[in-house]
Amino acid sequence: MTLGWAMVGTGWHIRDRMGPAARRADGTRLVAVCSRDLSRARDYATTFGFERAYDDYAAVLADERVDVVYLATPNHLHERQTIQAAEAGKHVLVEKPMALSSVQAESMVDACRRAGVKLGVGFHLRHHPAHVEIRRLVGEGALGTPLMVHLQWVKLNVRRDGWWQDPDQVGAYVTMAKGVHLLDLLTFLTGRHPVEVTAMTDGQRADRPLEETALAILRLPGDLFGVLVASRLFPGAESSLVLFGSEGRVQALGTLSTDPTGSMEVSTATQARQASYSDADPYQLQIEAFNRSVTEDVEPSASGIDGLNVVRLTEALLESARTGTTVAPACPR
């Protein structure tokens with residue numbers, strides 16, 4: 001079964017990641033692309049093969065060929081646009097962060113549930129083959145009892161300007177750009193939800209309205225700890241993931257990325273192996289997985305509930321950084 005997709009937004013993420021991935025994804029028909037700038041939408045339609053270009057979101061929702069709406073729009077628009085899509089009977093894959101608050105995220109989940117449509121969140125790192133394998137190893141007990149997970153996404157890159165520097169539109173900067181991915185991946189790999197969060201971020205300056213480095217220590221059930229570092233400032237640093245268990249260790253280098261790259265090394269008393277990745281695009285895998293959730297009527301691999309739980313963790317992280325205290329996140333839904 002082939003599903004008709006509409007992509008809303010014409011920023012770099014669709015241009016460099018989701019647009020190319022959707023062209024390759026099985027069961028995907030590129031029906032529409034929407035931008036406030038119709039000429040830009042038409043350029044994207046020509047480049048990626050969308051059948052129609054729109055500058056009116058309502059027109060996208062009225063297009064009967066559209067089954068799935070993918071939202072890559074400013075964060076503060078996600079709630080309203082998701083609810084509108086659900087009310088039009090469209091399935092929704094919304095980019096992270098799902099919403100600026102847990103109240104907004106709950107309204108999105110409830111709207112999609114009432115409408116009987118699927119709601120997924122763009123946590124592409126769940127689909128990287130290395131992370132899928134690490135989750136399997138943890139679930140099967142191959143590493144023993146999990147003790148600590150260290151996640152570090154610190155690639156030096158250019159600051160995003162525009163709405164990314166407006167607190168009312170973005171909520172936070174590096175926490176929303178990278179930190180939410182790390183929070184979600186921590187829960188995905190371990191199958192556990194943090195119960196305490198202690199966090200710090202760098203301060204505001206005249207030339208830096210929002211945080212560009214965020215650090216967090218998280219306690220999970222079973223005396224498992226998570227250490228998260230998200231930054232855009234560290235030259236020469238390598239993004240990495242290390243999970244320590246009572247009977248072994250697994251390390252992934254370069255997998256915390258928007259590129260289909262990286263390597264993994266597993267070391268236990270019974271096995272020592274390595275794997276490298278260069279052609280397994282997590283965005284293509286994400287699109288194909290969402291298609292299956294629709295056609296097979298199952299929950300998306302990163303569901304609206306998963307997104308809501310990450311929003312709650314994000315709220316706890318930002319509150320901890322703001323108050324200098326340890327915060328207990330709201331219980332997962």
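These notebook entries record what I looked up in the structure.

**Basis.** I worked from a predicted model, in which local features need pLDDT of at least 70 and side-chain atom pairs count only at pLDDT 80 or more, while totals for chains, interfaces and linings use all residues. Residues are numbered from 1 along each chain as its sequence is written, and side-chain values use heavy atoms, with hydrogens and water left out.

**Entry 1: α1 and α9.** I looked up how helix α1 (residues 12-24) lies against helix α9 (residues 282-295), and I found an angle of about 55 degrees with the axes 8 Å apart. Helices (H or I, at least four residues) and strands (E, at least two) are DSSP runs numbered from the N terminus. Axes are lines fitted to C-alpha atoms, for helices over the stretch in contact, and angles run from 0 to 180 degrees between N-to-C directions. The two helices, α1 and α9, are therefore oblique to each other; angles under 35 degrees count as roughly parallel, over 145 as roughly antiparallel, 65 to 115 as roughly perpendicular and the rest as oblique.

I then listed the contacts (heavy atoms within 4.5 Å). On the α1 side I noted H13, R17, M18, A21, A22 and R24, which meet Y283, Q284, Q286, I287 and E288 of α9. Sorted by class, this contact of α1 with α9 holds five nonpolar, three polar and three charged residues. Ala, Val, Leu, Ile, Met, Phe, Trp, Tyr, Cys and Pro count as nonpolar, Asp, Glu, Lys and Arg as charged, and the others, Gly among them, as polar.

**Entry 2: α5 and α10.** Helix α5 (residues 102-115) packs with helix α10 (residues 304-323) at about 175 degrees, their axes 9 Å apart. That makes α5 roughly antiparallel to α10. I recorded S102, A105, E106, V109 and R113 from α5 meeting G304, I305, L308, V311, R312 and E315 from α10. This contact of α5 with α10 has five nonpolar, two polar and four charged residues.

**Entry 3: aromatic pairs.** Rings of Phe, Tyr and Trp (its six-membered ring) pair if their centres lie within 6.5 Å; planes under 30 degrees apart count as stacked, over 60 as edge-to-face and the rest as tilted. I counted two aromatic pairs by this rule. W5 and F290 form an edge-to-face pair, 6.0 Å from centre to centre with 75 degrees between the planes. This pair links distant parts of the chain, as W5 is in strand β1 (residues 3-8) and F290 in helix α9, 285 residues apart. Both W5 and F290 are buried; buried means under 20% relative accessible area, exposed over 50%, and partly exposed in between (1.4 Å probe, protein chains only).

**Entry 4: L186.** I found L186 in helix α8 (residues 174-190). L186 is buried, at a relative accessible area of 0%. Leaving out residues up to four places away in sequence, L186 touches V149, L151, P194, L218, L220, G226 and L228. For L186 and L218 I noted 32 residues of separation in sequence and 9.7 Å in space, C-alpha to C-alpha.

**Entry 5: backbone in the loops.** I noted a cis peptide bond from K96 to P97, with omega near -10 degrees. P97 belongs to the loop between β5 (91-94) and α5. D223, a residue other than glycine, has a positive phi near 55 degrees. D223 sits in the loop between β9 (213-220) and β10 (224-231) and counts as exposed at 56% relative accessibility. D297 also has a positive phi, near 55 degrees. I placed D297 in the loop between α9 and α10, and D297 is exposed, with a relative accessible area of 58%.
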